[in-house]
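Have the viewer open as you read.

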Amino acid sequence: MSKKRIEWIDVAKAVGIVAVVFGHAMTRHGTMFHFLYWWHMPIFFIMGGFFLKPIVHNDWIGFFKKRIFPLLISYLICGGFLILLSHFIRGESWSYTIFYFARLLYGGRTLNHYLSVFWYINVYLLALVFTSIVITYVKNREAQIIVAFASLIISTSYKHIYFLSYKYIPWDLDVAFIAMFFMLFGYLYFHKIQQFVKDLWVIIPAAMLTVWLFWMQHMDRFNFAFFLKSKIIHASYHHIAISRVSYITFIPIIVCLVVFSASYYFCKFMPQFLIKPVQLLGQQTLGIMYLHKAVIDIIDEAGYNGAIMETVLAVLISFMLSLMYGYAKRKIKNSRIRRSIS
């Protein structure tokens, strides 16, 4: 695989993160709100599987150093920063703030306010580990597909379980098995997806189906809710309940394919001066994911309302802060290298 970045993947990440921010900025939970939640988290788990590889020579230490620890460190640093920021801006007590550091370690649904989206990092890290275990030790492709569906079916077969009499599971562990389904899909079908995004015979029907599903949801003939963090999933057609698994298997993947294809054709036909800023935005999705909820909450407390304006401000401010964090991180790393050489 070429080391050159695939432009449409970065653009799809940008589309996905804007959808995440817009979903959090919306106060009216109508058709558009539900539509965004169908796909805006699954798309990141699918893309997370694109470049995964089996662990060679059981080098799990190398895997954790390269893929897990950097994300874990950023999770703790950004989480700690936002906990302290929330303490001063929201006027929280020190006892609440200190206990929130324990909640940061516990993760999952215990995180709220500025850190309400941090569950995603918990689940993403767990899904990375689980998926890597599967593709390393389950060699047969058909068996990997069976594992993917089994993890989805089992993890959606119940509404809620308790952990040692506590109502929240650490790091949303059970949600990670749903995420693993999407990550395995991305891993197994990345090359097919690269073909499908160019194939209008596939994408036009998929886009038409997406529009039809959106309209049916709006007309209340079709009802699909898919909220991963809280594991709230229900599906019905003409108010007749049907299998949640069939909807999860089908709808998010169809919509993600449409987003992938739109991103591909955007990169194919648009000039570079338009592509590059969107691509750069897509390369900062993690920082935007961490910071945008705090920005939205601060904007709300300042008295500014309006989902579109909040989305624009939250994306731009989080984007700039993410770039600054990356720059500072590189400066510190380079200074350490120079000191070690001298």
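Predicted model: local features only at pLDDT ≥ 70, side-chain atom pairs only at ≥ 80, totals over all residues.

## Ground rules

Residues are numbered from 1 along each chain as its sequence is written, and side-chain values use heavy atoms, with hydrogens and water left out.

## The second largest pocket

Let's start with open space. A pocket here is an open set of points on a 1 Å grid over the protein atoms alone, with protein on both sides within 12 Å along at least five of seven lines; a cavity is a set of points where a 1.4 Å probe fits but cannot get out, and lining residues have an atom within 4 Å of a point. Grid points are joined across faces, edges and corners, and a volume is the space filled by probe spheres set on the points.

The second largest pocket holds about 350 Å³ of space. Its lining includes Pro 70, Ile 73, Ser 74 and Ile 77, along with Tyr 325, Lys 329, Arg 330 and Arg 336. Two elements each give two or more residues to that lining, α4 (60–90) and α13 (307–341); helices (H or I, at least four residues) and strands (E, at least two) are DSSP runs, numbered from the N terminus. The largest share, seven residues, comes from α13. By type, the lining splits into six nonpolar, one polar and four charged residues.

## Helix α13

What does α13 look like end to end? It has 35 residues and reaches 50 Å from its first C-alpha to its last, close to the 51 Å expected at 1.5 Å a residue (1.5 Å times one less than the number of residues). Its buried residues (under 20% relative accessible area; exposed is over 50%, partly exposed in between, with a 1.4 Å probe and protein chains only) include Glu 310, Val 315, Phe 319 and Gly 326. The buried residues of α13 pack against α1 (7–25), α11 (272–282) and α12 (285–301), where contact means heavy atoms within 4.5 Å.

Arg 338 also lies in α13, and is exposed, with a relative accessible area of 53%. Arg 338 and Leu 71 are 267 residues apart in sequence and 25 Å apart in space, C-alpha to C-alpha.

Strand β1 (residues 222–227) has five of its six residues buried, so it is largely enclosed by the rest of the structure. β1 and β2 (residues 232–237) pair in the antiparallel sense over six bridges; pairing requires that DSSP finds at least two bridges between the strands. Phe 224 has Ala 235 as its bridge partner in β2, and Phe 226 stands opposite Ile 233.

## Two positive phi angles

Most residues other than glycine have a negative phi. Lys 231, in the loop between β1 and β2, has a positive phi of about 55°. At 8% relative accessibility, Lys 231 counts as buried. His 57 also has a positive phi of about 55° although it is not a glycine. His 57 sits in the loop between α3 (42–48) and α4, and is exposed, with a relative accessible area of 77%.

## Enclosed cavities

How many cavities of 30 Å³ or more does a search of the whole structure find? There are two. The largest cavity holds about 100 Å³ of space. Among its 13 lining residues, Arg 109, His 160, Asp 172, Asp 174 and Lys 231 lie nearest its centre. The lining divides into four nonpolar, two polar and seven charged residues.

The second largest cavity has a volume of about 50 Å³, and α4 and α5 (94–106) are the elements that give two or more residues to its lining. Leu 82, Ile 83, Tyr 96 and Tyr 100 are among the lining residues. They divide overall into six nonpolar, four polar and one charged.

Terms used:
Nonpolar A, V, L, I, M, F, W, Y, C, P; charged D, E, K, R; others polar.
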